[in-house]
Amino acid sequence: FGSKLQKKLEDAKVFIVGSGALGCEFLKNIALMGVSCGDQGKLTITDDDVIEKSNLSRQFLFRDWNIGQAKSTVAASAAASINSRLNIEALQNRVGPETENVFDDTFWENLTVIINALDNVNARLYIDQRCLYFQKPLLESGTLGAKCNTQMVIPHLTENYGASRDPPEKQAPMCTVHSFPHNIDHCLTWARSEFEGLLEKTPAEVNAYLSNPVEYKTAQRNAGDAQARDNLEQVLECLEKEKCETFQDCIAWARLRFEDYFVNRVKQLIYTFPEDAATSTGAPFWSAPKRFPQPLKFSVADPSHLQFVMAASILRAETFGIPIPDWIEHPKMLAEAIEKLIVPDFEPKKDVKIVTDEKATTLSVASIDDAAVIDELIFKLELCTKNLPLGFKMKPIQFEKDDDTNYHMDLIAGLANMRARNYSIPEVDKLKAKFIAGRIIPAIATSTAMATGLVCLELYKALDGGHKLEDYRNTFANLALPLFSMAEPVPPKTIKHGDMSWTVWDRWILKGNPSLRELIQWLKDKGLNAYSISYGSCLLYNSMFLRHRERMDKKMVDLALEVAKAELGPNRKHLDVVVACEDDEDNDIDIPQISIYFA
């Protein structure tokens with residue numbers, strides 16, 4: 001390429017976000033390409049994660065002895081050993097609104113290019129917005145098993161990352177998952193949902209109520225729907241009927257859960273829809289793919305039943321902060337504790353509503369009496385919380401698939417396999433359950449290497465500068481087919497108004513600390529009538545509100561400080577406002593974000 005381009009590479013100020021599978025490959029490539037190796041150059045890499053054993057199969061800059069250390073620090077030191085001239089700084093910060101004091105305006109303004117090595121869409125969208133704002137090139141890539149894609153986001157040439165979205169993943173209908181599963185995936189989806197409901201959402205809901213009862217009750221009353229009713233029922237049930245004070249209470253809860261899930265609910269289902277039931281058209285109700293279920297019979301002689309009760313009682317105790325006795329892992333002692341319990345008989349009820357509509361998005365049935373029921377539940381809740389110890393709090397449990405000692409996968413595999421047994425679906429071992437419930441797609445190092453290699457070819461163009469849209473390439477590849485598709489990036493959408501035009505990359509700048517009146521007049525001179533101006537989530541001006549006209553002669557910075565309670569640090573020189581405008585024919589016009597400089 002010659003010394004001129006190599007000098008540009010050496011002096012580049014690069015920001016790599018993420019130091020996992022993609023990040024390690026990028027660091028290796030960049031070190032070998034000589035990027036950020038000059039006196040002016042600098043490579044910043046950040047990742048808030050630490051190295052786990054499972055990373056070692058695909059994140060090649062890490063070794064056994066690095067487990068538990070910060071990913072970015074270890075990766076940076078490995079990259080420096082590849083090229084000792086690499087000027088690299090490793091940070092352990094997540095990039096987001098909460099770290100804008102670390103990654104401030106000066107940081108972004110000094111960058112040459114940003115390379116994403118992320119594993120989630122929300123973080124990608126945030127980086128995309130920052131690159132739009134500061135007009136910086138963003139090189140985006142991702143992998144999923146044998147698939148990989150790369151996208152070049154170049155200021156004023158291409159559309160941004162957030163301009164297009166993938167369609168949502170197809171999911172099994174809710175009624176199939178909850179009442180009519182016909183494969184192990186349905187059972188595991190249900191198990192994961194129950195785990196999160198029982199051990200994360202309900203304890204979090206209890207804490208939300210206990211930390212601010214007045215605000216919580218007001219919010220549920222204002223919502224006044226089936227969801228609010230369900231929230232209150234769960235909190236009340238957790239603190240009243242299902243409250244645990246001893247470990248024996250947790251065992252009783254786990255045993256009754258087994259009975260509810262795998263015996264009573266199935267008895268109710270086959271009572272409501274017997275084996276010979278027919279649909280409204282006369283066809284058999286239990287026709288394929290539906291499977292007619294059978295209730296289970298609990299037995300302490302069945303190791304899988306004992307395993308379920310053990311995992312469920314341990315995790316329940318954790319949410320209530322109850323010590324876990326050592327004997328819990330001894331099957332004989334656990335069986336003795338279970339046999340002391342009395343399990344009530346179940347009688348199926350008439351007129352129980354079971355959702356069978358595949359398009360239903362909720363299992364909650366709305367009622368005309370929801371408001372009255374909510375008031376009654378709140379009254380009961382107030383009575384039962386009087387008996388709680390001072391400062392009582394629950395501990396919500398977040399699902400963590402990679403810790404084999406935390407009983408999370410034991411419970412999920414137990415829930416899924418008992419349910420599979422109800423419906424005569426083949427059961428799976430804990431590893432296969434972890435694969436499906438943890439939504440693990442095997443990482444293939446070849447896909448990662450291919451994506452990063454393609455991005456680094458585009459990096460030459462981005463750092464060289466002056467290239468046209470048709471010089472760049474976005475790629476989608478699927479090594480399993482194999483399919484390799486390369487295309488020019490899509491240009492940004494252009495908005496025209498009068499003799500002006502702009503895209504998502506444009507930002508209008510207004511200097512001299514203008515007043516609200518001056519801002520509105522500045523836009524009027526462009527043939528735009530501003531009817532709403534906001535800063536963040538706060539409305540500074542709306543033409544419909546007469547009181548807002550009293551603000552006309554106030555400086556925009558003062559309005560942001562007084563009305564929006566903006567916190568403008570000593571390093572801030574400007575603020576950004578979003579303005580809704582119409583033309584003279586009352587057509588809405590999308591205009592760029594406006595930056596008002598007050599310093």
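Reply: Start with a definition: a polar contact is a pair of N or O atoms within 3.5 Å, where one must be able to donate a hydrogen and the other to accept it. The model is predicted. In it, the side chains of Gln220 and Asn231 make such a contact at 3.4 Å.

Me: What makes Gln220 count as buried?

Reply: Buried means under 20% relative accessible area. Gln220 has 8% relative accessibility, so Gln220 counts as buried.

Me: Where is Gln220 found, and which residues does Gln220 touch, not counting those up to four places away in sequence?

Reply: Gln220 is found in helix H8, residues 213-223. Gln220 touches Glu205, Ala228, Asn231, Leu232 and Ile374, with residues up to four places away in sequence left out.

Me: Which residues make the contact of H8 with helix H9?

Reply: The axes of H8 and H9 (residues 226-239) come within 8 Å and cross at roughly 145°. H8 gives Tyr216, Gln220 and Ala223, and H9 gives Ala228, Asn231, Leu232 and Val235. By class, five are nonpolar, two are polar and none is charged.

Me: How do the axes of H7 and H8 cross, and which residues make the contact?

Reply: These axes come within 5 Å and cross at roughly 115°. From H7 come Glu205, Ala208, Tyr209, Leu210 and Ser211; from H8 come Pro213, Tyr216, Lys217 and Gln220. The contact divides into five nonpolar, two polar and two charged residues.

Me: Why is H7 called roughly parallel to H11?

Reply: The axes of H7 (residues 184-211) and H11 (residues 303-320) cross at roughly 10° and come within 10 Å. Angles under 35 degrees count as roughly parallel. Therefore H7 is roughly parallel to H11. The contact is made by Phe195, Leu198, Leu199 and Pro203 of H7 with Leu315, Arg316 and Thr319 of H11. Five of these residues are nonpolar, one is polar and one is charged.

Me: Why is Ser36 called buried?

Reply: The cut-off is under 20% relative accessible area. Ser36 has 0%, so Ser36 is buried. Ser36 is found in the loop between helix H2 (21-33) and strand E2 (42-46).

Me: What makes the phi of Ser36 worth a remark?

Reply: Most residues other than glycine have a negative phi. Phi of Ser36 is near 60°, a positive value, and Ser36 is not a glycine. Asn513 also has a positive phi, about 50°, and is not a glycine. Asn513 is found in the loop between strand E11 (507-510) and helix H17 (516-524).

Me: Which peptide bonds are cis, and what is omega there?

Reply: Most peptide bonds are trans. The bond from Ala288 to Pro289 is cis, with omega near 10°. Pro289 is found in the loop between helix H10 (247-272) and H11. Leu481 and Pro482 are also joined by a cis bond, with omega about -10°. Pro482 lies in the loop between strand E7 (474-478) and strand E8 (483-487).

Me: How is the protein chain divided into domains, and what separates the centres of domain 1 and domain 2?

Reply: Domain 1 covers 2-168 + 442-487, domain 2 covers 182-424 and domain 3 covers 494-597. The centres of domain 1 and domain 2, taken over C-alpha atoms, are separated by 43 Å. The protein chain has 18 helices and 16 strands. Of its 599 residues, 46% count as buried.

Conventions:
Residues numbered from 1 in each chain as written. Predicted model: local features only at pLDDT ≥ 70, side-chain atom pairs only at ≥ 80, totals over all residues. Heavy atoms only, no water. Axes fitted to C-alpha atoms, helices over the stretch in contact; angles between N-to-C directions. Helix = DSSP H or I, 4+ residues; strand = E, 2+ residues; numbered from the N terminus. Parallel < 35°, antiparallel > 145°, perpendicular 65-115°, else oblique. Contact = heavy atoms within 4.5 Å. Nonpolar A, V, L, I, M, F, W, Y, C, P; charged D, E, K, R; others polar. Buried < 20%, exposed > 50% of the residue type's maximum accessible area, 1.4 Å probe, protein only. Domains from an automatic or database assignment.
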